[in-house]
Structures are given as structure tokens and as C-alpha cells.
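Here is a short tour of a protein model, put together for reading beside the sequence and the 3D view. Please keep both open as you go.

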Amino acid sequence: MEEKEVKLEVNNLKISFRTDAGKVQAVRDISFKLYKGETLAIVGESGSGKSVTNRAVMGILAGNAIKEGGEIVYDGQDLMKISEEDFHRIRGDKIAMIFQDPLSSLNPIMRIGKQMTEAMLIKGRVSQKNSRRDFNTTLKLLKEAMDGAFPNEAEKNKQLCSDFDRFEFKHIALEQAYNRATEAAEDAASDIEDILFRIEKEAYKDVVRDARSAVSRAKDSFDRYVVYDRAEELKGLLKEAAVLLKSSIPKRIGAFFASFRGREREEQADFAALAATLTSIRSILTETLAFPMPNFFAMGYYLTFSQEPLPALGVEEMNTYLHDYLSEKFMSAFIDRAAEALRYSHEAACERKRVAIAKIEELRPVFEAETLEKNACYAAVKALSAVVTEGIDRLEIVKDNLAYTFPTSLEAAVKLYFDGVVRNKKEQDRYASQSKRYEALVAAGKTPSYSVAEMDLVDLKGAREGILSLLARVTENFSAKIAKTDDYHAKADALIDYLKEKASGVVFKVTKSMAKLRALKLMDEVGIAEPRKRFYQYPFELSGGMRQRIVIAIALAANPDILICDEPTTALDVTIQSQILELINRIKMQRNLSVIFITHNLGVVANMADRVAVMYAGKIVEIGTAEDIFYSPAHPYTWALLSSMPDLDTKEKLEAIPGTPPNMIYPPKGDAFAERNKYALKIDFEMQPPMFRISETHSAATWLLHPDAPKVDPPKAVVDRIARMKERGGIHD
Amino acid sequence: MTDDIILKVDHLCQYFKMGTGELKAVDDVSFDIKRGEVFGLVGESGCGKTTTGRSIIRLYDITGGSIYFEGQRICAGTRTYKDTIRAAKAAYRAEKKEIAAMRKEGADEEELAARTKAVDEELHRVMAEQSANIRSAIDDHKNCNKKFAKAQMDKVRETYAEKRAAESDPEALAALEKEEKEALRLASKDRIMNKIQMIFQDPIASLDPRMTVREIISEGLVIRGVKDKNYIEEQVNRMLDLVGLVPDHANRYPHEFSGGQRQRIGIARSIILNPEFIIADEPISALDVSIQAQVINLLNDLRHELGLTILFIAHDLSVVKYFSDRIGVMYFGKLVELAPSDELFAHPLHPYTRSLLSAIPLPDPIYERGRTRIVYNPIAEHDYSVDRPTMREVSEGHFVYCNEAEFERYTAELS
């Protein structure tokens, strides 16, 4: 099976809230993985902990939240433990969120446009800076590895890397100019299209004004690699259009009088001629836009190092020519060397990993003792953290979350143990003294009106086992890494792609006017009519659906890595909902985004999700691919959800789920759903079911899946519905 | 279901003042609701479905058209009549101008005098007719409740007159008189609008947080003038029982309940006055999935038990399909299609309905992957420049807002 890149990993997350009535256990030990480019839908009722989980991922839990344990690993960092300052760099930029209530996530006293562009401008600068930093560090690491692999050719290594850096600069400059020009051309083309439509419909209002701005926008598209040899022709046409427009506009001096006659004057304008000119301008623009993009990466090299001018060829021939030129002169040598460097780096890291494994073996007895010794343990933590961190191969692009978070995880685990030791002692003392007093009262013949609270002890054995299992996991992970053999050429290619990606991150420079244009485009994309007018309006002037679109546009503007959608379409009607889901899906595909989609609408889930997690009372009760959940649901709660929603073919009475979710201040001892579950077994009331694996992708937490459990069929409504769906989908068993 | 029409909405227009112009929230909408049925009203937000519901229950004073409940006009607007007068006046002026022009040319004086007379008469006739209409509309709109109360009082008097005639014992007569007085007092506070009740979307916002559940549910009875504590208590408990709550709940406050229970309280409040017609304005949108089914089942049970007619406003089409007998689809203040629910989903005719139906997400991943949304673009879809559209019956009970050419196309499509 192809291994997918894990973007986000949540392990054993536990969160509760302090309230007046007691501690509400909102999230009780949930784990899931989010892969790159997939949508994970989390389904559940309100209070099931789905929003809390995602707020923890965003780092925006309420003040009374207690993070009781677990980890959220993103990009080699445990989000539960990093500082607020570090979180600042991730929140919104890497992990963005769309909220349910659009009004509370917009600033009421700020114009829409300002709110949209503000983040773009700031984040644009920051991401440019970060890309540059990543680029530099990676290149530096690569050079060091090269030095290691070819110790005698330090000079050549340096030359190669600095060459790469230099022509990458040129590449950046070229691509930036190209991007700006294409964007202008695209805008001008679409504006002209709109104007032509209006001229055709004889709606002349503002046509002249808009045509003027479109023409001036078209002027920005003069880039050598966008318009090529059509430049002269285009220039001529633009001039013609300008002349036409000028003649049709009343002189500024006569503006007052013209305002009376304005309509007539505009109608007198030679719209037929204007339309003809605009049509030819548009056809040139669309033609040039259809040209493939030149290989700027190779061109950058050619222009930097070749003394000769570019050969006069068509775009495609030119690209092949440049590509060959680059491979011959530079790239093949560079890739070979990079591959060697990667091999060297990997092997060196393997060596260090072996050291780390040996060290773990050596220090394991410290944690295996019956009672742990504090100083020895912390010394071991320090030593192990150092060797494991050493053992990481820094040139790996896909970061190995386990090793990166090892120091913090280990320290937290050890701290849990020693805090527990102190706490248990206190607790035992309290219990002893209180029961003594209680017994004294009883001995004196009184009946005390209270009882002594039970001891709330930390499971020291469990804590110790947690430490050991962490060590075992790292050892296993490292051994697997050592045993793995890679295709270093492919890895070198991937590394260069990574460098290019970072470089193109530097290319996307955001200026104020660009931010505005992008905001307008985004607003257009999310289906807001008259974006130019909306840009200067305030949130209160818009309807709920419009506001939600603005919020989505803002979240997308930062170009995030992970998008968390917290019931974004609940407040919208079907048509708009459908549009917004399409929008999120499209953007997910384009940017290879990972999406966490929280909703309670199963229809929406079916539309969006690759995988589905069903949550109830702070636990994941069933997780699997969308097909697993909808075609072979296993948990009674999933059955209940499916049968309580009418679909278009439902005729019989709906099977409502009786009762309400349990109070999470006193979570039930057994399965939380047992109370409302007509299929509940006796054991459901006594013991929490573990996750039973049904298939590679599908597992559910219900005792019904235990081999000893009686065979229970899903309710008839669900079976019927699945049969109908299979028939419609053309699936036969 | 019978053919007995309980509510008739006739050319309803509801315009709101907006800056300089007017927002036509509901524009010339007509439909009938039969006794005992559930009539679903769907459409995107801002299409006027909620406004329609609120106009029916007179939360707004309607701009034009009329609404009849059990044959009595309960809402009436004057805009259409005024428009007719305006048009007649314009026609009158044009005619006068023409006559003046003809006189200049030296036409026959006698003929012109006859024509002037005819024109004057025509204007007077229209004005008198429309003024009468306006007067009656205003009268109906203002006094429908009074008239109803009067009729109720007459009815009470009649029954007691009969009873008194049958009775001879003076003591019993005195008791009857007292009873009659009380009945008359209650009847005088009876309103026809009490027969229409509303369930609101947001169960949190629609319940007063400072009133106990008993006060909330019994408020209607108290306003109607019921003073008998025991009777109120009995009724409140009966309502709580009907909606699946227990009498213990009556002393609590709304915040102590979950969303589903609050919505049940809202429903209990709406049925305590024995209404015949309920307007449910998105009653389940704010609820959790597992609770939605409970509320839908409850409404369904109540409908059969109490013989209610329901106007069900919602945007979740699968729920509307499940719950409603007939469905009306609204788009920008217009009713564009009206059909029995199965028929509507089987043969959607209006392009907007098709677009709306294509947007419903179903809990079926494979179907979802293949689903394509149809985009509705009214400018590209219809050409109404020559032939104006009206509501036309394409097949039995299936109405579509279309013009002649479209009507022919739809009919061909159906057969």
C-alpha cells in the first residue's frame, strides 16, 4: 500500500473544562491521523467534542479548558506543548479555520476589503520570509552533506550550491514578472468579456469607465514571455481603444452640464467600434494566455550563465531546449551529487540512529525499576533527547513526527510520573487524615453527614509503561528507518522540487493592489456579486450567507496547509451550501489541502469526506472511509444517525434516537451511548468498548463486534437505505 | 385530506421600504392550503418564504392582495387597488389630451362631448369600485378579529337563549345567566388569529428566559382571558404530555432544557389555544441531528392527533419531502412551482426547482461524487420580454410559473 503523508496526528487527546458544576470531560482519549490532500469529516451532535478537538488543534481553547494529555503533532511539533509565540506562526497561516457563526468571526467596524487584505499582506510578507529561510537552511544542509560525501571537493560543492542559489534568484525574478503580467491579462480579458456582454445587451451604464480601467489593466500585461511577438499589435489596439474612449467621454469642464446630457452623450459613443477593438484585444490576450508557461527554472540558468541570447524558438521547443541545456550543464551533475549527499546524510544519520538505539537500550533499566529515581530519570531524559534528536536525518523532507517530538513527549511522560508521585502522596495523606477524623466521629457515636472522598490517584504503573512504550516506539521507528533502502535519485529530485517550491513561495510577493485584486477575485470565486462594491462595505450590511462567504474567502486567502471547517454551511441554504462545498472541494484539489470538516449533516459528509470519524460523548465511536461508514456502518450510533435522517425515498416513520446525550460531568462508566441504544448489551453498561478493527481502514468501538457478541443486524431503515444506495450506485454484492 | 381549503393566499404582495426604493420580498404569490395537509415552502434564504409565513400571521401589514382563513379575509392590502386607480387616471389623462388635440383640429363637437362624458364616467366608475374595495380591505384587515369575536358572541347568545328557553327553574336560570356572562367574556376575547399559531426557528431566542415553562405555555390562555387556575394547570400539563415532557418541567426555566426540549416547549405553547393552522418556520434547523427526527415525529403525531394543518417552511429539502404533502418553491419573492411533493421531486419543471433539487446533498458517497449541480441563471433561462409569465397548471395539481411557450414545452415534457 502506498504510504500517505501524515499531515496532522492526534494521539490520545484528552480535554476537559472546569465549570461551576464540576469538570466536564469534553474529549476523552481520541486519536486520528489526517493525511495530505484528504478530507476527514467529523460527525456528531453538539457536545460530542468535535469542535473542542479542532479548537485544540487551532490552539484556541477557552480559558477554562484543561489539557489533560495527549499530543497533536503537526510538522514535527507537538501543538499541545509549543509556546504561544510558535503557535502564532502556525495559526491561520498553516492551519486555518472557518467558523460556524460568520458574524462573530468578522470585525464589525472594519471594512470587508481591509479585513480581507490585511492578513494577505502580513502573511504574504511572512511566508515570503519563511520560504526564503527554509530555502537557505535546506541548501546549507545539502552543502554540508555534499562536503561529507565528497570531502576533497569542497570548492566544487560550494560552487554548485551557490550557482543553484544564483540562478534560482533569476528564476524568481522572471517568474514574478510573468505572474504579474498573466494576472493582469486574465483580469483584463475577463473584464472585457463582461463589458462586451453589456454592450451587446445595450446596458451602457458605466461601460466607458470600466472599459477604461480594463484597457489600463491590459497595459500591465506587457511581459516578454506573456505577449511575445503580439506586443506591437496589442499596443496599437490599446491606443485605438484609448482614443475611442476619450472621444466618448464628456470633457471634465462640461461635467456639470454633461450630467444632464450624460446618458445621451454616452449613448452617442461609438460602441460598435469600441466593441470591435475590445474583441480583438481580448482575442490577443486569450491567445497569449493559452501559451504554455516557459520553463523559467531552466531559463533562469541560461540567462545567468550563458553569454548568448535566448534562441528564437516556440515556447515548447524552447522549454525542451532549455531543459536539455540545464541538465547537460548543471542539473545532472547536481542531482548526482545531491543523491550522493543524501545517501551520505542518510547513512550518517543511520549510524547516529544506531547510537541512539544503543543508548535507549542502555538507559532503559532506569525506567524499568519498580520505583523511578528522579535525578537519574531526568539525566536519562536529557541524554536520550540529545541522541534521538541527533539521530534525525535533517535532509528528510517529510518530517518524522515521532523523533521530532520525542524530547517533549518523553519529558512530559516523565513529568507525569513524578508529579503523580507527589500528588499521590498528598492524596493518600489527605485520605488518611480525613478517614481518621471520620472514624473518630463514628467511634464517638455520631453519624457524620459526609463521607470521605475516594482517593484520586495517578496510575504510576501506567505512566511508567507510557515512558517505556514511547522508547519502544522510537526504537522500532529508527530500526525501520535503518532497514529501509531508498532510491536516492528520486529523493534528490524530490529535494529539488522542495527547494523550487520554497523558491516559488518567495515569488509570490503581495502588494496592496495585488491583495485587493486577489481579494476581489476570491470574493468573486466564493460567489459574491458586485465584489467591488462589497469591498468597501461593512459586515453588518451583508446577509448571513454573504458574511460566511467572506469568512471563507479570508481563510483561503492565507493559503493554508490544513483547513478546519467548523460547520461552515449549517447556516446556509442548499444552493449556497452546494456552491460552498464545491468551492472547498475545488480549492482542496488545487492546493492539495488537508481538510477537517465538522458537520452534523450526513449529506454534506457524503459529499465532502474521504474518511469519516463519528464522535459521541468525547470519543470516536467509528472511523473509516466514507464508503465504510455509509455502506457498512457498524456502530449502533451510526445506525441511529443514518436512520434518523430522512432521505428522498424515506416514507416510513423516522427512527428518532430517544433521550439526550449524557452529562459529561459524570460520564457513564460503560459505553456512553448504551443508555439510548436499543442494541446495548449488558457489558455496554459496565465497560467501555475498545476499538475493534473491521478492515484496514474501518474500525468501531462497540461490543457488538466482539467475537462473543450475539449477531445483530442493523435496523431495517438502514439496511433498506443501503440497498437503495447500492442499487442507485450500481454496486452489487 | 379533503378539498376543504383552510387558507387561501391571493396575490399576496409584501414590499419593504428600502432607502429610496422598495424591496419586493413577496411579489404576487397565490396558493391554497387544504385542511389537514402539510404544505412545504422552500427556497433559498432571502426568497421570501419566512416573510410569507409572517404575513399570514399578520406580523407584517401586507402591501397588496388578500389572505382568507376559513373563508374570512384576515389580511388585505390596498396596493393593487391603488395601482388600478392610478392606471385609470393615467388613461383618463391620455384620453383627455387626445380629445383636446382633436378639438384643435376642429372635430365634431357633439361627438367629442359624448366621448368626454364616456371617459368621465369610466373614471368615476373605476374610482368608486376601487375605493369600495380599499374601504372593505382596510375594514377587513383592521376588524377581522372584532367581527370574529362578535360572531362568537352571537353564537354564545344563541346557544344560551335556547338553553334558557328549555329551562324553567329560576335557580338554574340564574346559574345559566352567570355561565353565559363568563362565556360571553371569553368569546369577546376570542380572535380568529388565535387559530393560527407559529413555531419559531430558534428555540432559545423565542422563549423568554425570565418566564417559567408554565408561564410560557399558559400565556396564550391568560391573554385570552382564562382565569381558572385549575383549568390552566390542567391544560399546561396536557400540552406538556402531548409534546413528550412531564408536568415536573413546568416549574423550570427555559435555560434548563436542551435544544430539542426547548423546541417542544415552543410547540406546546403554539398548540394550547387549539389552533387549526400552524406555521412552522424552520423548526428543526437549529437542532441536532438526533433531535431533529424526534421533533419531526412529534409534529407528525400532533398533526394526526389534533387534525392540524401545517405550513412548513424549511430549507432542508429531504425533510420537506418527507414531511409535506405539497411543496411550493419560491425564488426571489415569486412562487415558481407548486406540486404534490412526490410529483415535484419526480418531475421538477421550473429550472430553478431543478437547480434546487440538484443541490441537495444525500448521505450516499458514490451518488455524491457523481452529482452535478445545475446552475440557474434566470436571464439566460427565460425570455419574458414579450410574453409575461403567470402561474399555469401543467398537470393536475402541478403549477409552474411560466409563459405560453414554456407552458407548451413543459406539457410536452410531462406527457
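Let's begin at a hairpin in chain A: β4(A) and β5(A) form it with two residues between them, and A:Asp75 in the turn has a positive phi of about 55°. Please bear in mind that this is a predicted model.

**Around the hairpin**

**The open sheet of chain A**
- Eight strands make up an open sheet with mixed pairing, and their order is β6-β7-β8-β3-β9-β10-β12-β11 (chain A).
- Its edge strands, β6 (95-98) and β11 (692-693) of chain A, each pair on one side only.
- Within the sheet, strand β3 (residues 39-43) of chain A runs parallel to strand β8 (residues 594-599) of chain A, and five bridges join them.
- A:Val43 stands opposite A:Thr599 in β8(A).

**Helices on the sheet**
- Helix α1 (residues 50-58) of chain A lies across β3, β6, β7 (562-566), β8 and β9 (611-616) of chain A, and runs at about 145° to β6(A).
- Helix α18 (residues 544-557) of chain A packs on the sheet too, touching β6 and β7 of chain A, with its direction at about 180° to that of β6(A).

**A pair of helices**
- How do helices α3 and α4 of chain A cross? The axes of α3 (residues 112-149) and α4 (residues 154-200) of chain A come within 9 Å and cross at roughly 155°.
- α3(A) and α4(A) are therefore roughly antiparallel to each other, as angles over 145 degrees count as such.
- The crossing in which α3(A) passes α4(A) is right-handed.
- On the α3(A) side the contact includes A:Phe135, A:Leu139 and A:Met146, while the α4(A) side includes A:Phe164, A:Phe169 and A:Ile172.
- Charged residues take part as well, among them A:Arg132 and A:Lys143 of α3(A) and A:Asp165 and A:Glu168 of α4(A).
- By class, the residues of this contact divide into eight nonpolar, three polar and six charged.

**An enclosed helix**
- Helix α10 (residues 296-305) of chain A has seven of its ten residues buried, so it is largely enclosed by the rest of the structure.
- Those buried residues are A:Phe296, A:Phe297, A:Ala298, A:Met299, A:Gly300, A:Tyr301 and A:Tyr302.

- A:Ala617 has a positive phi, near 50°, in a residue other than glycine.
- Is A:Ala617 buried or exposed? A:Ala617 is buried, with a relative accessible area of 5%, and its place is in the loop between β9 and β10 (619-625) of chain A.
- In chain B, B:Asn274 has a positive phi of about 50° although it is not a glycine.
- B:Asn274 lies in the loop between α7 (259-271) and β7 (277-281) of chain B, and is exposed, with a relative accessible area of 51%.

Technical notes. Residues are numbered from 1 along each chain as its sequence is written. Chains are lettered from A and ligands numbered from 1 in the order in which they are written. This is a predicted model: local features need pLDDT of at least 70, side-chain atom pairs count only at pLDDT 80 or more; totals for chains, interfaces and linings use all residues. Side-chain values use heavy atoms; hydrogens and water are left out. Two strands pair if DSSP finds at least two bridges between them. Helices (H or I, at least four residues) and strands (E, at least two) are DSSP runs, numbered from the N terminus. Contact means heavy atoms within 4.5 Å. Axes are lines fitted to C-alpha atoms, for helices over the stretch in contact, and angles run from 0 to 180 degrees between N-to-C directions. Angles under 35 degrees count as roughly parallel, over 145 as roughly antiparallel, 65 to 115 as roughly perpendicular and the rest as oblique. A crossing is left-handed if the near helix is turned anticlockwise from the far one by less than a right angle, and right-handed if clockwise. Buried means under 20% relative accessible area, exposed over 50%, partly exposed in between (1.4 Å probe, protein chains only).
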